[in-house]
Amino acid sequence: MSVSDPPAIKRRPVYLNLVRIRLPLPGIVSILHRISGAALFLFAIPVVLFAMQASVESEDGFASLKSMLANPLCKLILIGLLWAYLHHFFAGIRYLLIDLHVGDDLAPARQSSVAVLGASLILTLIIAVRLW
Ligand code: HEM
């Protein structure tokens, strides 16, 4: 090949089709950790601050917050945010342990991602049943 030849085009695989990407379980836990972190920052913190403010502002504020929280749609949103918190919490502990090289081999990493998904879903379900 001389210096004037165009560079050979390499056919590299492109995995940009989000519908076709098959993430392994630890990958799913990871993307959900990012999504839940963003949801906590963007929605859960404002909701908690609003609820705290309304609950201590006045008796009327407390009563209107109470009736608002009795609305099924509000309950569903709260349950969604609760799941986001629990998933982020358990996945966060998993990452902190992995940072310490605890369970960072393939098999334990798979098992801990199942544990994170299971624990957050089961706890959300238990609290949701009590909340409803
Ligand atoms: C309201 C509370 C919280 C908010 C708003 C929040 C938000 C976030 C966000 C936005 C990220 C970056 C995610 C990414 O870009 O991949 C993050 C990462 C992280 N969070 Fe939280 N978080 C909260 C609570 C917690 C708690 C309670 C834990 C404890 C287990 C935790 C553990 C972590 C860890 C370990 C990471 C880094 C994960 C990594 O190595 O990629 N977070 N958090």
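In helix α4, the residues Ser112, Ser113, Val116 and Ser120 are buried. The model described here is predicted. The cover over the buried residues of α4 includes α1 (25-57) and α3 (72-99). Helix α4 itself spans residues 106-131 and has 26 residues. From its first C-alpha to its last, α4 reaches 37 Å, close to the 38 Å expected at 1.5 Å a residue. An α-helix has 3.6 residues a turn, so residues three or four places apart point the same way.

**Overall form**

The protein chain contains 4 helices and 0 strands, and its elements follow the order α-α-α-α from the N terminus on. The chain is more spread out than a compact globule, because its radius of gyration is 22 Å, well over the 14 Å that the globule rule gives for 132 residues. Of the 132 residues in the protein chain, 11% are buried. Among contacts between residues at least 6 apart in sequence, 73% join residues at least 24 apart.

| Item | Value |
|---|---|
| Box filled by the C-alpha atoms of the protein chain, along the principal axes | roughly 85 × 35 × 25 Å |
| α4, first C-alpha to last | 37 Å |

**Nonpolar core**

Which residues form the largest nonpolar core? This core has 5 residues, namely Val29, Leu32, Phe90, Ala91 and Val116. Helices α1 and α3 each supply at least two residues of this core. Val116, a member of the core, is also one of the buried residues of α4. Leaving aside residues up to four places away in sequence, Val29 touches Ala91, Ser113, Val116 and Leu117. Ala91 and Val116 belong to the core together with Val29, while Ser113 is among the buried residues of α4. In soluble globular proteins, nonpolar side chains tend to be buried together.

**Ligand surroundings**

The ligand is surrounded by 14 residues, of which the closest are Arg34, Gly37, Leu40, Phe41 and Gly92. Which helix provides the largest share of the shell? The largest share, 8 residues, comes from α1. Helices α1 and α3 each supply at least two residues of the shell around the ligand. By class, this shell holds 9 nonpolar, 4 polar and 1 charged residues.

Note on methods. Residues numbered from 1 in each chain as written. Predicted model: local features only at pLDDT ≥ 70, side-chain atom pairs only at ≥ 80, totals over all residues. Expected span 1.5 Å × (residues − 1). Buried ≥ 20, exposed ≤ 12 C-beta atoms within 10 Å, placed from the backbone. Contact = placed C-beta atoms within 7 Å. Near = placed C-beta within 6 Å. Nonpolar A, V, L, I, M, F, W, Y, C, P; charged D, E, K, R; others polar. Rg over C-alpha atoms; globule rule 2.2 N^0.38 Å. Core = buried A, V, L, I, M, F, W, Y, C linked by C-beta atoms within 7 Å.
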